[in-house]
Amino acid sequence: MPANHQYCMANFFQNFGPNTTTFIIPGEVFPTRYRSTAHGICAASGKLGAIIAQVGFSRLINIGGTGKFLPHILEIFALFMLTGVFSTLLLPETMNKSLEDLAQDDDDDYVRDMRVAETPKTQ
């Protein structure tokens, strides 16, 4: 397989899981009122996890000698991947639902608040 095909395949699979769970699913799952805040928390959590993995595991790799701890680091990564798979299965299915249905917001409160705001004040 040519190198450019390998790069494309690696890029696809690298972004398939993390990109979906970090950017697409939060936009559909969280209620409308909290969507941007929750979306930011999800993105920040992913980046924090990447920093911890890079800094933390780079210090652990040489415990017991050069590269001796690598198999254990891969086991730790596998554990985190499995927890990611199982936690993804807990997410609600959003197929064929509108954002309004997913939000389950009561529009009556919003309309009532708008009417109060539009009522002219008497002096």
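Colleague: Where is glycine 67 placed?
Modeller: In this predicted model, glycine 67 lies in the loop between α2 and α3.

Colleague: Which residues does glycine 67 touch, not counting residues up to four places away in sequence?
Modeller: Once those sequence neighbours are set aside, glycine 67 is in contact with Ile61 and Asn62.

Colleague: OK, now the helices on either side of that loop. At what angle do α2 and α3 pack?
Modeller: Helix α2, which covers residues 35-60, packs against helix α3, residues 70-88, at an angle of about 150°, and their axes are 10 Å apart. Angles over 145 degrees count as roughly antiparallel, and α2 and α3 are therefore roughly antiparallel to each other.

Colleague: Why give both an angle and a distance?
Modeller: Because a pair of packed helices is described by the angle between the axes together with the distance between the axes.

Colleague: Is the crossing of α2 and α3 left-handed or right-handed?
Modeller: The crossing in which α2 passes α3 is right-handed. On the α2 side the contact is made by Ala53, Phe57 and Leu60, while α3 contributes Ile73, Ile76 and Phe77.

Colleague: How many of those contact residues are nonpolar, polar or charged?
Modeller: Sorted by class, the contact of α2 with α3 has 6 nonpolar residues, with no polar and no charged residues.

Colleague: How far is the C-alpha atom of histidine 39 from that of proline 26?
Modeller: The two C-alpha atoms are separated by 5.6 Å, although histidine 39 and proline 26 are 13 residues apart along the chain.

Colleague: Zooming out, how many helices and strands does the protein have?
Modeller: There are 5 helices and 0 strands, so that, read from the N terminus on, the order of elements is α-α-α-α-α.

Colleague: What share of the residues counts as buried?
Modeller: Of the protein's 123 residues, 8% count as buried. The accessible surface comes to about 10,400 Å², and carbon and sulfur atoms account for 64% of that surface.

Colleague: Last one, what share of the contacts joins residues at least 24 apart?
Modeller: If you take the contacts between residues at least 6 apart in sequence, 38% of them join residues at least 24 apart.

How values were computed
Residues are numbered from 1 along each chain as its sequence is written. This is a predicted model: local features need pLDDT of at least 70, side-chain atom pairs count only at pLDDT 80 or more; totals for chains, interfaces and linings use all residues. Side-chain values use heavy atoms; hydrogens and water are left out. Helices (H or I, at least four residues) and strands (E, at least two) are DSSP runs, numbered from the N terminus. Buried means under 20% relative accessible area, exposed over 50%, partly exposed in between (1.4 Å probe, protein chains only). Contact means heavy atoms within 4.5 Å. Accessible areas come from the Shrake-Rupley method with a 1.4 Å probe; for residues, only the protein chains shown count as cover. Axes are lines fitted to C-alpha atoms, for helices over the stretch in contact, and angles run from 0 to 180 degrees between N-to-C directions. Angles under 35 degrees count as roughly parallel, over 145 as roughly antiparallel, 65 to 115 as roughly perpendicular and the rest as oblique. A crossing is left-handed if the near helix is turned anticlockwise from the far one by less than a right angle, and right-handed if clockwise. Ala, Val, Leu, Ile, Met, Phe, Trp, Tyr, Cys and Pro count as nonpolar, Asp, Glu, Lys and Arg as charged, and the others, Gly among them, as polar.
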